[in-house]
Amino acid sequence: MTVSSKLVEVPKSGFSSIPVIDISDPESKHDMEKACEDFGFFKVINHSVSSELVSVLDHEAVEFFSLPTSQKTQVAGYPFGYGKRAIGRSGDVGWVEYLLMNANLDFGSHPFPPGLLQNPETFRKMTCDVLEMMTDGLGIKPRNTHSKLVSGENTDSIFRLNHYPPCPLINNNNTNGSNIVIGFGEHTDPQIISVLRSNNTCGLQINLSDGSWISVPSDPSSFFFNVSDSLQVLTNGRFKSVKHRVLANSRKSRVSMIYFAGPSLTQRIAPLTCLIDNEDESLYEEFTWSEYKNSTYNSRLSDNRLQPFEKKAVSLND
Ligand SMILES: C=C1C[C@]23C[C@@]1(O)CC[C@H]2[C@@]12CC[C@H](O)[C@@](C)(C(=O)O1)[C@H]2[C@@H]3C(=O)O
Ligand SMILES: O=C(O)CCC(=O)C(=O)O
Ligand SMILES: [Fe+2]
C-alpha cells in the first residue's frame with residue numbers, strides 16, 4: 001500500500017483565529033459558544049488535567065509505538081486494536097499508525113497500555129465540564145442536557161492514539177511549500193465531541209467555511225475540542241462539525257491522543273426542541289447513534305456522512 005504526496009492549495013497562515021477558552025473562567029461560555037458556531041473548534045487552557053498524567057500518557061503512547069511491529073500486530077484488530085496506513089475499511093490510507101480502544105471496556109482485562117486505559121474517566125470528566133459550559137453558553141437548561149449523553153455507563157466512546165512517523169516522501173527542496181503527505185485524510189468526527197492532545201509536532205489542520213485550511217500550532221499542555229456530527233444535529237446546525245486533517249512532517253514524529261465522546265447506541269439524535277420553534281425548522285431526520293454509526297463505518301473518510309439525514313426542502317409544488 002502506498003501513500004502518495006499530493007499537490008494542494010497552500011494553507012492560509014495567521015493562527016490568531018483559533019479560539020482559546022479558559023475553562024477556569026465561567027464567563028468563557030460565550031466565547032466557547034461563538035467558537036462552536038464559527039469554527040466548531042477551540043483550544044482549552046487552564047484545565048484540571050495534571051501535567052504528570054499527561055506525561056505518563058505521552059510516555060506510554062511513545063513506548064507502545066516503539067515496540068517491534070510483531071508485538072504491535074499482536075493487538076491488531078477491527079474496529080479496535082492496532083492498525084497501520086489503512087484507516088477504516090473503505091480504502092482510506094494515511095501516513096499513520098494507530099491504536100483504537102473502546103473507552104468503556106474493563107481496561108484491566110486486555111493487553112493495551114495500562115496507564116492510558118485507566119484514564120478515560122479523566123477525559124470523560126473534562127468533556128462533561130466543557131459540554132456543560134457550552135450548554136450554558138447556548139442558554140439551555142438543564143446544564144447537563146448534552147453532558148448526560150456521554151456520561152452514562154453504556155456510552156459508546158473511543159480512545160485513539162495516532163503516531164505519524166517522519167515522512168521521507170516530503171520533498172524539502174520544494175520551495176513553494178505545496179508538497180504535502182496526508183497523515184490522516186480530511187473528515188469530520190461522527191460522535192458528539194472529540195478531545196485531542198498532541199506532542200509538540202504540528203500537522204493538524206482545520207477547514208474554514210471558505211474552504212481554506214488553517215494549521216493548528218501544537219500545544220502539548222492544552223486540549224483541542226472538535227464539535228462532531230451528532231452535536232451539529234443536536235444544535236440543528238448552529239454548531240459546526242469541523243472538517244480536519246493531519247499532514248505528515250518530514251523530520252519530526254507526531255503523537256496524538258483523542259477521546260471521541262459518543263452517546264449510547266440507542267440514543268436518539270435529533271435537533272433539541274428548545275432550539276427550534278417547530279418541527280418544520282428541523283434540518284435533520286432523527287436517527288439513533290447506532291444507525292449513524294453503522295452508516296459511518298461503511299463510508300469513506302471524506303464523505304459527507306450527515307447528508308443522507310438532511311431533511312429535503314419541500315417546495316410549494318410538492
Ligand atoms: C474511514 C473510516 C475510519 C473511521 C470510520 C470510517 O469508515 C469513517 C469515519 C472514521 C472515523 C473518524 C473519527 C475517528 O477517528 C474514528 C475512530 C471514528 O469514529 O470515525 C474513525 C473511524 C476509524 O478509524 O475506524
Ligand atoms: O491525530 C490527530 O491529530 C487527529 C486525528 C483525527 O482527526 C482522528 O483520529 O479522528
Ligand atoms: Fe478526527
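This is a predicted model: local features need pLDDT of at least 70, side-chain atom pairs count only at pLDDT 80 or more; totals for chains, interfaces and linings use all residues.
**Entry 1: K84**

I started with K84 and found it in strand 4; strands here are DSSP runs of E with at least two residues, helices are runs of H or I with at least four, and both are numbered from the N terminus. K84 counts as partly exposed because 16 other C-beta atoms lie within 10 Å. The cut-offs: 20 or more other C-beta atoms within 10 Å of a residue's own makes it buried, 12 or fewer makes it exposed, anything in between is partly exposed, and the C-beta atoms are placed from the backbone. I also checked K72, twelve residues from K84 along the chain, and the two C-alpha atoms are separated by 9.9 Å.

Residues are numbered from 1 along each chain as its sequence is written, and chains are lettered from A and ligands numbered from 1 in the order in which they are written.

**Entry 2: the whole protein**

I went through the secondary structure and got seven helices and 15 strands. Of the 318 residues, 37% count as buried. I then looked at contacts, meaning pairs with C-beta atoms, placed from the backbone, within 7 Å. Among those with a separation of 6 or more, 73% join residues 24 or more positions apart.

I traced an open sheet of eight strands with mixed pairing, in the order 2-3-11-8-13-6-5-4; two strands pair if DSSP finds at least two bridges between them. Strand 2 (20–22) and strand 4 (81–87) are the edge strands, each with a single partner, so one side of each has no neighbour in the sheet. From one strand to the next the twist averages 25 degrees. Helix 2 (residues 51–66) packs on this sheet and touches strand 5 (92–102), strand 6, strand 8 and strand 13. Its direction is at about 115 degrees to that of strand 13; axes are lines fitted to C-alpha atoms, for helices over the stretch in contact, and angles run from 0 to 180 degrees between N-to-C directions.

**Entry 3: strand 13**

Next I asked myself how many residues of strand 13 are buried. For residues 254–261, I get eight of eight. Side chains in a regular strand alternate between the two faces of the sheet. In strand 13, R254, S256, I258 and F260 are buried on one side, and V255, M257, Y259 and A261 are buried on the other.

Strand 6 (residues 158–164) runs antiparallel to strand 13, with seven bridges between them, and Y164 has R254 as its bridge partner. Strand 8 (residues 193–198) is also antiparallel to strand 13, over six bridges, with L196 opposite I258.

**Entry 4: the two ligands**

L196 and I258 turned up again around ligand 2, together with R160, N162, F184, D189, S198, L204, H244, V246 and S256; a residue is near a molecule if its C-beta atom, placed from the backbone, lies within 6 Å of it. Strand 6, strand 8, strand 12 (244–247) and strand 13 give two or more residues each to this shell. By class I have five nonpolar, four polar and two charged residues. The classes: Ala, Val, Leu, Ile, Met, Phe, Trp, Tyr, Cys and Pro are nonpolar, Asp, Glu, Lys and Arg are charged, and the others, Gly among them, are polar.

Around ligand 1 I found 17 residues, of which G88, D92, D189, Y297 and L301 come nearest. Strand 5 and strand 6 each supply at least two residues of that shell, which holds eight nonpolar, five polar and four charged residues.

**Entry 5: helix 5 and F123**

Helix 5 (residues 120–137) lies across strand 3 (41–45), strand 6, strand 8, strand 11 (223–227) and strand 13, at about 120 degrees to strand 8. I picked F123 in this helix; F123 counts as buried because it has 22 C-beta neighbours inside 10 Å. Which residues does F123 contact, leaving aside neighbours within four places in sequence? I found V195 and Y259. V49 is 74 residues from F123 along the chain, with 8.5 Å between their C-alpha atoms.

K29, H30, M32, E33 and C36 in helix 1 meet M133, M134, D136 and G137 in helix 5. I class these contact residues as four nonpolar, two polar and three charged.

Note on methods. Two residues are in contact if their C-beta atoms, placed from the backbone, lie within 7 Å.
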